[in-house]
Amino acid sequence: MLAALAGVSASLRPVRGEMADPPLDALAKDAATALSGKGFFVLDNFLGSRFGADARLQAEALDAAGHLKPGKISKGLTLEEDTKVRGDRIIWLKHTNLAGTQKRAEPPAGKTQQSNPLVGHATLEMLLEKLDQLRALIGPEIEITLNMATYMLACYPGAGTGYVRHRDASPEHPGRRVTAIYYLNPDWVDADGGQLRIWPNDAGGDDIEHATLISPLCDRLLLFTSTLEHEVTPSFNTRFALTSWFYNRSEMQAMLLHEEKEKSDLSDKMAARKELKELMARMMAKKILAAAASNKDGKDSDGDQEQ
């Protein structure tokens, strides 16, 4: 895959110290071809090394200011922290385009954002703008209307933190269609870990040896079909990435309705299970009381005979 993309990467290579202005039309076509094949697309030197380094500094500033909070997972009807599953800190970002107009990029249901800490961080804002432009171009190429996006900045603080194998979208109710990740990690080496392990469409099996490892190198862009299984391997250095998910709004609404129904069904099952437990407890209590009464009557009868 990387070898096949060498020509594209070379055409986008910026002069050091300048921001690249990648030909997004060509990039979208190449990405669409890869997404319909293996299911993922990797591009190095997306916006330039200096741009990536600046974006990293702004991400670190947001983290140092306490804006990033522990990521959570869905457990039944609630969202909970579980570092055995995921060890990142995250923030959902709101996107304002370069003309100052607020774009629709709200967090998924159940996740709230009180303000927009991204204001004043021009490099990260420009990154979101580029990803949004790419979203608009990829949709027609894969023949799906992608008219909605969300944005999340994540930090894995090292110490072996990662994210276990999962999907960003269910194959039956996809909601999210394309996952786009821009990595912000200068001087990253293999010993730092933190690779994204992904199982392509043609993986040939579910074992690890059938997966592809992708290192989180600075200024690297990764796109993949959101239904593909993937995981973040343990990170031993501080690892930043900015992720955007491209949606179709109607499909997303249908997926949310399906999730609400599943939660409602689960709530009903939990309520029925609770009622059954309470009923069994009452029946057990009655049996215990009946047995105790029977023992008392027996003792009283024995006492009468002795008299």
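**Entry 1: Arg 135 and Asp 132**

I count a salt bridge when a side-chain nitrogen of Lys or Arg is within 4 Å of a carboxyl oxygen of Asp or Glu. Because Arg 135 and Asp 132 are three residues apart in helix 4, about one helical turn separates them. Both Arg 135 and Asp 132 are buried; buried means under 20% relative accessible area, exposed over 50%, and partly exposed in between, with a 1.4 Å probe and protein chains only. Helices (H or I, at least four residues) and strands (E, at least two) are DSSP runs numbered from the N terminus.

I note that the model is predicted, with local features needing pLDDT of at least 70, side-chain atom pairs counting only at pLDDT 80 or more, and totals for chains, interfaces and linings using all residues. Residues are numbered from 1 along each chain as its sequence is written, and side-chain values use heavy atoms, with hydrogens and water left out.

**Entry 2: other salt bridges**

I find eleven salt bridges in the structure. Among them is the one between Glu 141 and Lys 29, at 3.1 Å from N to O. Glu 141 is in helix 4 and Lys 29 in helix 2, so this pair ties together parts 112 residues apart in sequence. Glu 141 is partly exposed at 35% relative accessible area, and Lys 29 is partly exposed at 46%.

Next I looked up Asp 44, which forms a salt bridge with Arg 220, the closest N and O atoms being 2.6 Å apart. Asp 44 is in the loop between strand 1 and helix 3 (49-64), and Arg 220 in the loop between strand 10 and strand 11, 176 residues apart. Asp 44 is partly exposed at 24%, whereas Arg 220 is buried at 7%.

I traced an open sheet of seven strands in the order 1-11-8-13-6-5-2, with antiparallel pairing. Two strands pair if DSSP finds at least two bridges between them. The edges are strand 1 (40-43) and strand 2 (69-70), each pairing on one side only. Helix 2 (residues 24-36) packs on the sheet and touches strand 1, strand 8 and strand 11 (221-225); contact means heavy atoms within 4.5 Å. The direction of helix 2 makes about 140 degrees with that of strand 1. Axes are lines fitted to C-alpha atoms, for helices over the stretch in contact, and angles run from 0 to 180 degrees between N-to-C directions.

Strand 8 (residues 176-183) and strand 13 (residues 239-247) are joined by seven bridges. In this pairing I see Tyr 182 opposite Leu 242 of strand 13.

**Entry 3: rings**

I count three aromatic pairs. Rings of Phe, Tyr and Trp (its six-membered ring) pair if their centres lie within 6.5 Å; planes under 30 degrees apart are stacked, over 60 edge-to-face, and the rest tilted. Trp 92 and Trp 245 make a tilted pair, 5.7 Å centre to centre with 40 degrees between the planes. Trp 92 is in strand 5 and Trp 245 in strand 13, 153 residues apart. Trp 92 is buried at 7%, and Trp 245 is buried at 5%.

I also find the charged end of Arg 176 over the ring of Trp 245, 4.0 Å from its centre. The rule is NZ of Lys or CZ of Arg within 6 Å of the ring centre and within 35 degrees of the ring normal.
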